[in-house]
Amino acid sequence: MIRIENLVKTFGPKRVVDGVTFNVERGEVLGFLGPNGAGKSTTMRMITGFIPPSAGRVSVGGHDVVDSPLEAKRLIGYLPEAAPAYPDMTVHGFLAFAADMRGLEGEAKRKAIGRVVELCFLDSVVHQNIDTLSKGYKHRTCLAQALIHDPEVLVLDEPTDGLDPNQKHEVRNLIRELGRRKAVVFSTHILEEVDAACSRAIIIDRGRIVANGTPQELRGMSRLAGAVTVAGQGVNGDALAPLGRVEQVDGAWRVYPQGARQAGELVQAVIELAARAGWRLEALRTEEGQLDEVFRRITLPDTARA
Amino acid sequence: MISAWKSVRTIARRELASYFASPVAYVFLVIYLLLTGFFTFTVGAFFERGEASLISFFVWHPWLYLVLVPAVGMRLWSEERRAGTLELLLTMPVTAWQAILGKFLASWAFLAIALALTFPVVITVNLLGSPDNGIIVAGYLGSLLLAGAYLAISCMTSAMTRNQVVAFILAVVICLFLILCGFNPVTDLLTRWASPGFVDTVAAFSVITHFDGFQKGVIDTRDLFYFLSVIGFALFATGVILRNYRAG
């Protein structure tokens, strides 16, 4: 549904987005990760046609965003960063405006408003002015606007920003649910959301894609991936040392795999060793790898930018 | 499929409703009516003139609108930029043109409402004497076009900044220039050192020169063309400014 080829955006001498290429198909939820200022919002603004690309192409549902913007925009529901909404309107008035702009009329419009009000839990504030809403409600009002025409493509810029943990949970479930039938791109810097909602994730840093894969694959890039942590009476590091690099972590021992060992082999070796040495194991697990470790390793922290 | 005109109407309706959503609109209307009354009857000496015309009503409009119209137009785009709703509006399936036209027409309609509310002055002059109502209609048309020209300029300055005050001041300065280049005391000053041809050329850019005809009941196509081209140019410039803003 979304095709992006070699997308570039320069602001003055600065290349904010530098040759980004990816596709998102229907039924996919793509998590867009990266440190602040990595080019996430800029990329999303180019997908939705708010800012024109300096080079490269974006097409949505086969419509080029620059050449046939109206056709492309009709397919997209967009939640901009910071979830803007007209403060002097009521929630209902705002959603009615969005419905009008999307060409919904009469019964279809009434139903669409009812549907998004329910979907985004806005019942209690429907007739309230937007400037009197709390941040969470305001955010969901803007999200409701993005969903009003049941779009095939959803572009959500930090959809869970400013929500409380319960609301975050609800919104993630909603995104995952919507992703079954639509193409969804959402940006975040909360890594747990990748596991909670995405079928695929892209990490960008300084305008370039530095990782692209399923959450599983990304976690596999972690140094920790495949390491075996073992705890119990009698366990000692010296005995484990021949299996790989050993490290003591919170009273347990962790063995890192060496070379291209199969995932199962290391843990098997540890079990055999434990049986031979007569250790009384209390815990034994194979680490999956941590996303934040991957994230920190492949992106540059703010302080390292010149 | 939503037609282009329908998008314009939807945007215009929202914009007009937003004027009346706050008390500012009513405050504006009251101030506008008080000021027109004050200028017409007190400063313009409506009764002392002893003639059944609205000359003392219309003659102040270029000056009155100088402050009032930018006050109406200043928020059009700067507020959208400040609140971030510009991004929302322009990622909906509309062209920038439809949005510009919709917002402009809404605020023009608001000014038309304000102007229409001055109807008691027409009734008054008709009760007191027998004025030429054709001249009055022409005066109203001219006044509406004048307001439209100022408004389009305010629209343009509003697109330049996210700060409404800056938009207001810029609009006032540009509109003041359009008044002064045809204002008699200024043109008299110019004739001392410039050729009459030059002075006439400069004066041809002034709203005063083109508004004069309407006050006398003459609807000249050149005057119509002037006001419509100021509106057209300023709205076109708005489009260019917004495009540059988006391109970064």
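This is a predicted model: local features need pLDDT of at least 70, side-chain atom pairs count only at pLDDT 80 or more; totals for chains, interfaces and linings use all residues.
The secondary structure of chain A consists of eleven helices and 14 strands. Along the principal axes, the C-alpha atoms of the chain fill a box of roughly 75 × 45 × 35 Å. Chain A has 306 residues, of which 43% count as buried. Among contacts between residues at least 6 apart in sequence, 67% join residues at least 24 apart. The chain is divided into domain 1, covering residues 2-220, and domain 2, covering residues 228-287. The centres of these two domains of chain A, taken over C-alpha atoms, are separated by 44 Å.

Helix H4 of chain A comprises the 14 residues 106-119. At 1.5 Å a residue, H4(A) should span 20 Å, and this agrees with the distance of 20 Å between its end C-alpha atoms. The buried residues of H4(A) are A:Ala112, A:Ile113, A:Val116 and A:Val117. These residues lie on the same side of H4(A), because they cover an arc of only 130 degrees around the axis. An α-helix has 3.6 residues a turn, so residues three or four places apart point the same way. On the face of H4(A) turned away from the buried side are the exposed residues A:Glu107, A:Lys111 and A:Glu118. Just after H4(A), A:Phe121 adopts a positive phi of about 55 degrees.

An open sheet in chain A is formed by four strands in the order S12-S13-S11-S14, with antiparallel pairing. Its edge strands are S12 (245-249) and S14 (280-286) of chain A, each of which pairs on one side only. With direction ignored, neighbouring strands of this sheet are turned by 25 degrees against each other on average. Strand S11 of chain A, residues 228-233, pairs with S14(A) in the antiparallel sense over six bridges. Opposite A:Leu281 in S14(A) stands A:Gly232.

Methods
Residues are numbered from 1 along each chain as its sequence is written. Chains are lettered from A and ligands numbered from 1 in the order in which they are written. Helices (H or I, at least four residues) and strands (E, at least two) are DSSP runs, numbered from the N terminus. The expected span of a helix is 1.5 Å times one less than its number of residues. A residue is buried if 20 or more other C-beta atoms lie within 10 Å of its own, exposed if 12 or fewer, and partly exposed in between; C-beta atoms are placed from the backbone. The arc is that of the directions from the helix axis to the C-beta atoms. Domain bounds come from an automatic or database domain assignment. Two strands pair if DSSP finds at least two bridges between them. Axes are lines fitted to C-alpha atoms, for helices over the stretch in contact, and angles run from 0 to 180 degrees between N-to-C directions. Two residues are in contact if their C-beta atoms, placed from the backbone, lie within 7 Å.
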